[in-house]
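Please look through the model below, and then follow the questions on how its terms are applied.

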Amino acid sequence: MRTQKTMRKPLAFCMLAVLAALLLTGGCAPAAPKPLDKVVLMLDWVPNTNHTGIYVALDKGWYREKGIEPEIIQPSKTGVEQVVGAGQAHFGISFSEWLTSARAQGVPIVSIAAIIQHNTSGFASPAEKGLKRPKDLEGHRYGGGGLDIERAMLKALMACDGGDVDKVEFVNTVYADFFVVTQRDADFTWIYYAWTGIEAELRGVPINVIWLRDYAQCVPDYYTPIIITSEQLIQQNPDLVRRFMEATARGYEFAIANPSEAAEILIKYAEANPELIRRSQEWLSKHYAEDAPQWGYQDAAVWERFASWMAENNLIAKPIDASKAFTNEFLPKK
């Protein structure tokens, strides 16, 4: 009897321990991890320093932390705006001019972040051509994509300096390489300094840039590039948009504070000259947020002025409600 009592005590103790464990776990095995939300992001071009924050967030696992598995894809012939508007991609990289034009045509897309706070583009030429101000462009060849907005931009820019756009010869070079075009087909082209301008520095090629930002009284400043999504996704799954933007903003904020490390991350994903990426990142990180209260912020007045300018220059079929073209709602709260 003594032996039986001795054996019963440990057995009873074990049964109590098992019961306690079952109570603590709800009587079930641990729940399986919630599957990640698969998200498609369409770029506007090949990976470059405009996209660094996205690749930082991807590389550091910040999208996964937010329950997102992103697929980053290259642009299609259809156009990022149409693809996102049709719901075939959740997010995309676009520009204010294309979003404004798309909304005027009824494409339901919205800008949810400005990647760069101010316009960093301009009309560039080899320094030897002596094109230093808008009026200097008279009598020279412009190489571009043959788009109406190019002529409208140049018209406003040159008029601001007493110049006449009709004295410029327009050559359709379909955005070919700046260094080839300006030695063969044209005298100047439209560039983003963070990439082509920095490449010119690396090559030791002196260039002159007529910055659009310097003539904002005639050509309104606008956000270029931007991150877009569809009205439908905002309505149906605002939590997904918010989580995506929390991770993305974190990536850009990291790139602002740590340009060197951010550049090394982008180098792993981009097929470009590593030194160009490093130098471009060093330059661009200062311009992502610049004078804004936070990265991604968009000012209603900027959208209103630019949308009005596009309408006045017959670049869109009808005016748009600029207040519906963008939102700051999904930026992380500061």
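Q: What makes Ile226, Ile228 and Ser230 count as buried, and which way do they point from β10?
A: Buried means under 20% relative accessible area, with exposed being over 50% and partly exposed in between (1.4 Å probe, protein chains only). In this predicted model, Ile226, Ile228 and Ser230 point one way from β10 while Ile227 and Thr229 point the other way, and all are buried. In a regular strand the side chains alternate between the two faces of the sheet.

Q: Why is strand β10 called largely enclosed?
A: Five of the five residues of β10 (residues 226-230) are buried, and therefore the strand is largely enclosed by the rest of the structure.

Q: How do you know that β3 and β4 pair with β10?
A: Two strands pair if DSSP finds at least two bridges between them, the strands being DSSP runs (E, at least two residues, as against H or I and at least four for helices) numbered from the N terminus. Strand β3 (residues 91-94) has four bridges to β10 in the antiparallel sense, and strand β4 (residues 109-114) is joined to β10 by five bridges, also running antiparallel. Thr229 of β10 is the bridge partner of Phe91, and Val110 stands opposite Thr229 as well.

Q: What makes β7 and β9 edge strands of their sheet?
A: The open sheet of five strands has the order β7-β6-β8-β5-β9, with mixed pairing. Since β7 (169-172) and β9 (207-211) each have a single partner strand, one side of each is left without a neighbour in the sheet. Strand β5 (residues 121-126) pairs with β9 in the antiparallel sense over five bridges, and Pro126 has Ile207 in β9 as its bridge partner.

Q: Why is Gly53 called buried?
A: Gly53 has a relative accessible area of 0%, so it is buried. Gly53 belongs to helix α2 (residues 52-59), and, leaving aside its neighbours within four places in sequence, is in contact (heavy atoms within 4.5 Å) with Thr248, Gly251 and Tyr252.

Terms used: Residues numbered from 1 in each chain as written. Predicted model: local features only at pLDDT ≥ 70, side-chain atom pairs only at ≥ 80, totals over all residues. Heavy atoms only, no water.
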